[in-house]
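This report goes through a structure in parts. It begins with aromatic rings and then turns to a sheet and its strands.

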Amino acid sequence: MNPINVVDLGSSDEEEYGNGGRTRKRNNSKSSVEQQQHQPLHSVFVTEVSGGSGPLPLMDSSNHQNQTFESRSFWRAGDYDVGSTKSAPPQGLLEYVRVHPKFLHSNATSHKWAFGAIAELLDNAVDEISNGATFVKVDKIYNMKDNSPALLFQDNGGGMDPDCMRQCMSLGYSSKKANTTIGRYGNGFKTSTMRLGADVIVFSRAARGSCVTQSIGLLSYTFLRRTGQDDVIVPMVDFEISGNQTRPIIYSSEDDWSSNLKLILEWSPFASKDELMQQFDAIGVHGTKVIIYNLWLDDDGVRELDFDNDEEDIHLRNEVKSGLLSKEYKSHNKLLESHVSYRLRFSLRAYASILYLRKFTNFHIILRGKPVQQYIIAENLNFSEVVMYRPKLGMTSKEVAVETTIGFVKGAPVLGVTGFNVYHKNRLIRPFWKVVIENNTSGKSAVGVLEANFIEPAHDKQDFERSALFIRLEAWLKHLILKYWRQNCHLAGYWSRISEIRNMQKESRDDQPITRCGVGLPKEFPTEQQDVDFSANLEEEIHLDQPVIGLAASNMQQRFGNGPPLVALAANSQKKLGTVQPIIGLAAANMQQGFGNEPPIGSSSTLIDQICEENIQLFMRCDAHREKEIGLKNTIEGLEKELEEAKRKCSQLSSHLESQKKQMFMKHQKGKA
């Protein structure tokens, strides 16, 4: 195989048009070393085929189509030996770091979850809203060569000109500097596409003033593996549109441009230049189309992404069949199975519906031809409150204000979903994060939402860096959910641990047994540890399409009218309740009916909650002591430096004084002489 040279694709001092295309020439007056020092990013990671040593020989399609990877499974695709590196560069050229194709795979393993990779590509389209994007399409298409499924992402944003296309294909380069953009690391496109499939081809049309360009780039792990490359080679071709004419932009020679085009045709789903150019028809005036093909398989040899289970959705096959869901949600009632917290683990439509915190005004995610309806979590909570969190940033006195919305999920207490949904710059990072012990009743059915822009997410945007700020946030959220639940759990149908409210619940229960539509509830009353299982068992007996209105709620309304501070009885005089809402779902089941005797709250459960709360307080105190310790250490270091400086000055003064004494003694001796 002939070598593939690195080509400098930067702008030059001289441009001319010729040979039917736009040719860019370089100023050759600089030395080779100087050229290497000023080499643009195009030649560091994105390497194009050069004709300097002859074009890259293309494998016959009949040969490479029959070759396969050692494994088509993503998690095994990187298991191959790396050959020796090329020899040192010729004399006079500077060394530079190269990127082996295996790094594309190892870099993509940062995405443990395929939906996390898809979210990265959605982020790129959302960032284009500022450039006029109104939609992003996600759909299944077919590889024209072998009819295998491929994944399409298409938006009508500003598109990428040739320079932006090369930045997109390069590692670590990002032109997104605004605080509002989600992308920032310059790595998401590579990791996400390589996580979903072995190959990706990108089409982009951009208009920069009067200049309209079209660019095509191919990042193919299949090509790099099967041709034994030890550098990442990315074939790219560019076109300039002038009037009704489309002319190729040629950077060095027509042979180089043709070699890039041949590689794209050989290793992409498209067999001719006409088929490539037809892909721009659907883009319109400007926009980008990304096609990921040779999608990865699971360990059983089946594609990770399931397009067949739902024609309007994309499912994660492993999550559906793994059994992890049924292990966590033992009841498997219909209410739970339809909730977004359950479905987001395997349904892309559900995950995309909560992926962004705020509603789009003029932008849609169109999944397989149908727009995704955004699910705003804060708008789907009962008895919600907004609490301000004011963390201090680092050792400085700077403080930020973070709104945290917390409430009970609709369907409580049957629906025991709990946790905080933490966003960063409008993007979901941690969904339904359980900050309390899962087996603890406290916190059941309580859900929160906040946007934590003051802490940094990990590169895969599926978690946060575990910094001191994050640890303090976790402790505060634990404290918040336990406090909120203890003060308001009776509103969601749980027994209150505040004596005044609990006495009201007991009196309301004794007034009249609670029934619904003639269906009596069981006489046995569960303890708080049994609330969830009890609710699940009732699901088949009682239809959930109509609310159960507890007499406890109506009696509490009669006692306190419309709007007195109910929780004043419970030492919560800060909160005012308007018209007390009826308790919906199976709240009556936990407010309890007049059948049987009411069991006391288990002392062990109360003790566990007390211990948990004490642990939280101790944790926060420990964190505060750590901060003080750090501050004291810094103070000690500063004092030690000052002491060393004082010693040094003292030594200098002592030396100077000694010198002065010697001089005075010498003068005295001379005077005597």
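## Aromatic pairs

Phenylalanine 360 and phenylalanine 363 are both buried, where buried means under 20% relative accessible area, exposed over 50% and partly exposed in between, with a 1.4 Å probe and protein chains only. The model is predicted: local features need pLDDT of at least 70 and side-chain atom pairs count only at pLDDT 80 or more, while totals for chains, interfaces and linings use all residues. Residues are numbered from 1 along each chain as its sequence is written, and side-chain values use heavy atoms, with hydrogens and water left out.

The whole structure holds 17 aromatic pairs. Rings of Phe, Tyr and Trp (its six-membered ring) pair if their centres lie within 6.5 Å; planes under 30 degrees apart count as stacked, over 60 as edge-to-face and the rest as tilted. Tyrosine 221 and tryptophan 296 form an edge-to-face pair, at 6.5 Å centre to centre with 65° between the planes. This pair links distant parts of the chain, 75 residues apart: tyrosine 221 lies in helix α7 (residues 221-226), and tryptophan 296 lies in the loop between β9 (287-295) and β10 (305-306). Helices (H or I, at least four residues) and strands (E, at least two) are DSSP runs, numbered from the N terminus. Tyrosine 221 and tryptophan 296 are both buried.

Phenylalanine 360 and phenylalanine 363 also make an edge-to-face pair, with 5.2 Å between centres and 70° between the planes. Trp113, Phe115 and Tyr351 form one aromatic cluster.

## The five-stranded sheet

An open sheet of five strands runs in the order β14-β15-β18-β16-β17, with mixed pairing. Two strands pair if DSSP finds at least two bridges between them. At the edges stand β14 (381-389) and β17 (427-433), each with a single partner strand, so one side of each has no neighbour in the sheet. On average, neighbouring strands are turned by 15° against each other, direction ignored.

Helix α15 (residues 468-488) packs on the sheet and touches β14, β15 (402-409), β16, β17 and β18; contact means heavy atoms within 4.5 Å. The direction of α15 makes about 140° with that of β14. Axes are lines fitted to C-alpha atoms, for helices over the stretch in contact, and angles run from 0 to 180 degrees between N-to-C directions.

## Strand β16 and its partners

Strand β16 (residues 419-424) runs parallel to β18 (residues 446-451), and five bridges join the two. Glycine 419 has valine 447 of β18 as its bridge partner, and tyrosine 423 stands opposite glutamate 451. β16 and β17 run antiparallel and are joined by four bridges, with valine 422 partnered by arginine 430 in β17. These two strands form a hairpin with two residues between them, and lysine 425 in the turn has a positive phi of about 50°.

Six of the six residues of β16 are buried, so the strand is largely enclosed by the rest of the structure. Gly419, Asn421 and Tyr423 cover one side, and Phe420, Val422 and His424 the other; all are buried.

## The whole protein

The protein has 20 helices and 20 strands. Of its 673 residues, 48% count as buried. Among contacts between residues at least 6 apart in sequence, 71% join residues at least 24 apart.
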